[in-house]
Amino acid sequence: DKDSPEAVEAALRAGADLNAKGIGGVRPVMYAIGQGRAAAFERLIKLGADLSARDNEGDNAMTLAANAYAKRPEFLMAALRAGGDPNTRRSDNDPLIMRFVADNNLEAIRMLAKHGADVSARSRTKAPIVVDSAIAEDWDVVWTLLELGAKFDYADEPNNMEMAFKTPDVTPPDSPLFPYKVKCWRFLTEKGMKLPDLSAAK
């Protein structure tokens, strides 16, 4: 019951399988996340635990570590240091970064991008996440993705950045998100995108 790397090694010496399937297809490395055992988790991945193996719900160590990030960031950080895939798909087929886009966790978005996450990834609906975020008026997320180099020109697709600026007053000037909308408008117009006038950007 203790968070013991030594217990992990003792179990393996006794013949335990590093990637054994438990109830529901849960692997030891996934169990360690669920139980909050960071030291055991790090020892398991150091010994070669499979971070990509899926349980019966379609999750793996990477997706579970991302879910735990808000309270226990050390799991995802350890997994990324060990070579875990930052572009892992979640059980719903969204890219891992969507966990943080949905939470408006800008720090985590930047962190995952630093480790190689694709900021131009598409969600499970096949729409670019930067476009989805713009249509949802999550302008702080949009600005963060643009700063990180996300592709933005999707004019030939049904949903695009231009569409997000065609709905007036959804983000009013007194909204805390409006300054981010202005930054996005200026950035995109400077790149040559034709957008409706945004008077506060003048």
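1. A polar contact is a pair of N or O atoms within 3.5 Å; within protein, one must be able to donate a hydrogen and the other to accept it, and residues adjacent in sequence count only if both atoms are side-chain atoms. In this sense the side chains of Thr 171 and Trp 139 are in polar contact, at 3.3 Å.

2. The model is predicted, with local features requiring pLDDT of at least 70 and side-chain atom pairs pLDDT 80 or more, while totals for chains, interfaces and linings use all residues. Residues are numbered from 1 along each chain as its sequence is written, and side-chain values use heavy atoms, without hydrogens and water.

3. Thr 171 lies in the loop between H10 and H11; helices are DSSP runs of H or I with at least four residues, numbered from the N terminus. Its relative accessibility is 5%, so Thr 171 counts as buried (under 20% relative accessible area, 1.4 Å probe, protein chains only). Beyond neighbours within four places in sequence, Thr 171 is in contact (heavy atoms within 4.5 Å) with Glu 137, Trp 139, Leu 177, Phe 178 and Lys 181.

4. Trp 139 also forms an aromatic pair with Phe 165, tilted, at 4.8 Å centre to centre and 45° between the planes. Rings of Phe, Tyr and Trp (its six-membered ring) pair if their centres lie within 6.5 Å; planes under 30 degrees apart count as stacked, over 60 as edge-to-face and the rest as tilted. Trp 139 is in helix H9 and Phe 165 in the loop between H10 and H11, 26 residues apart; both are buried.

5. The whole structure holds 5 aromatic pairs. Ring pairs also join Trp 143, Phe 152 and Phe 187 in a cluster.

Terms used
Helices (H or I, at least four residues) and strands (E, at least two) are DSSP runs, numbered from the N terminus. Buried means under 20% relative accessible area, exposed over 50%, partly exposed in between (1.4 Å probe, protein chains only).
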